[in-house]
Amino acid sequence: MSKPSGRGRETILTRRQFLKAVGAFGVATVGSGGLLTACGGGGQGGSSEPVGLSVSHWPTLLYTVPWAVAIEQGYFEERGISLDEIVGSSGGGETVRNVVTGGLPLGAVATPAAINAFNEGSELKILGGAIANTADISFVTLPDRGIGSIEDVRGKSVGFTEPGSITQGCAVLSLQGAGIDPSEVELQAMGGLSEAITGLKEGAIDLAPQLLPTAIRQNEEEGLITVFQTTEYVGEFAQLVMMATNQTVQQQPELLQNLIELYQQAVDFTLENLEEAAAAWANNSEVAEEAALESLQIIDPSTYYSTALTAGALNTTVEEMKAIELLEPGDEVDWEELLDQQFLPEDQRVDLAELQ
């Protein structure tokens, strides 16, 4: 079976998992679009219906590693969950729509996109964390731009992907964290990560955002220089959270409980078995195993992945949304209505009184 490309609706079971599924459930069928589905029941939250998930940028970015680990380690089968597919997306609102209108029970989605959808009337809940900082995001330049540090960015042009994106927010928060007024630079939407790098090389911008694992190859091949890593100026940040619709919370609580526990189980495995986690990611994507391992070593998985919700991470997200005008300065998030922490252990729950 060929590896998934990371575009659209992806087949995610490897050959090894196919054999395990047949052994565990006794029957396997090929569903529409060639997607492998296995029918089982019982177990911990098992379902006779195949389950799909929506994961931002599956399977190409670091967000997806715990899910790849869960596939390779057989965690879905252990809990009686028949995994149909993981639906990839370009992030943001697309991932949210996969859950809200696409009938998928759970999504690992960008937190600002979830908050926006909620504010616009979508009946959804944030159930837990997923990605707790921005260690995968950096900003790069070329040697001829005269930029050696973030202090040299004044009067220069800084690119980001799309208006309202995490890269825009990280650019603004990083500048502010370094004591630079964003008005002192020219912030420019480039349309995407590859477009930003192209714009950098062609002289349209002086600084471009970059994400792991692509950064490893690009820096070597294009001679790019890392000016700053965003965690130097942006601490905790709820990049991605676990989200479900109100209906799913009411009708399938056991499934959601198992999926969230399964994710944390995969995170714990990753922390203890970094090389195996890298291999799992590589086996479910087109990321080279060496680049996968190097990326995991760069980000410090112990602070990057977690189902926990923290006031620091959520408040920084609100700060970012206000900084790029996704929220008005006086706006407040109705956390009491948006959060449902019943699926988290007590020590991973956030005190609502500490939230902005």
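Helix α2 (residues 65–73) packs against helix α10 (residues 253–272) at an angle of about 90°, and their axes lie 8 Å apart. That angle makes α2 roughly perpendicular to α10; the term covers 65 to 115 degrees. An axis here is a line fitted to C-alpha atoms, for helices over the stretch in contact, and angles run from 0 to 180 degrees between N-to-C directions. Helices are DSSP runs of H or I with at least four residues, strands are runs of E with at least two, and both are numbered from the N terminus.

The model is predicted: local features need pLDDT of at least 70, side-chain atom pairs count only at pLDDT 80 or more, and totals for chains, interfaces and linings use all residues. Residues are numbered from 1 along each chain as its sequence is written, and side-chain values use heavy atoms, with hydrogens and water left out.

Which residues of α2 and α10 make the contact? From α2 come Val65, Pro66, Trp67, Val69, Ala70 and Gln73. From α10 come Leu259, Leu262, Tyr263, Ala266, Val267, Phe269 and Thr270. Contact means heavy atoms within 4.5 Å. By class, this contact has 11 nonpolar, two polar and no charged residues. Nonpolar covers Ala, Val, Leu, Ile, Met, Phe, Trp, Tyr, Cys and Pro; charged covers Asp, Glu, Lys and Arg; the others, Gly among them, are polar.

Now stay with Val65. Val65 lies in helix α2. Val65 counts as buried because its relative accessibility is 0%; buried means under 20% relative accessible area, with a 1.4 Å probe and protein chains only. Leaving aside residues up to four places away in sequence, Val65 touches Thr270, Ala277, Trp281, Leu296 and Tyr305. Val65 and Ala292 are 227 residues apart in sequence, yet 9.2 Å apart in space, C-alpha to C-alpha.

Turn to a second pair of helices. The axes of α11 (residues 274–283) and α12 (residues 289–299) come within 8 Å and cross at roughly 130°. That makes α11 oblique to α12. Oblique is what remains after under 35 degrees (roughly parallel), over 145 (roughly antiparallel) and the perpendicular range of 65 to 115. Residues in this contact include Ala277 and Trp281 of α11, and Ala292 and Leu296 of α12. The contact of α11 with α12 holds nine nonpolar, two polar and two charged residues.

Finally, step back to the chain. The chain has 15 helices and 13 strands. Of its 356 residues, 56% count as buried.

Note on methods
Buried means under 20% relative accessible area, exposed over 50%, partly exposed in between (1.4 Å probe, protein chains only).
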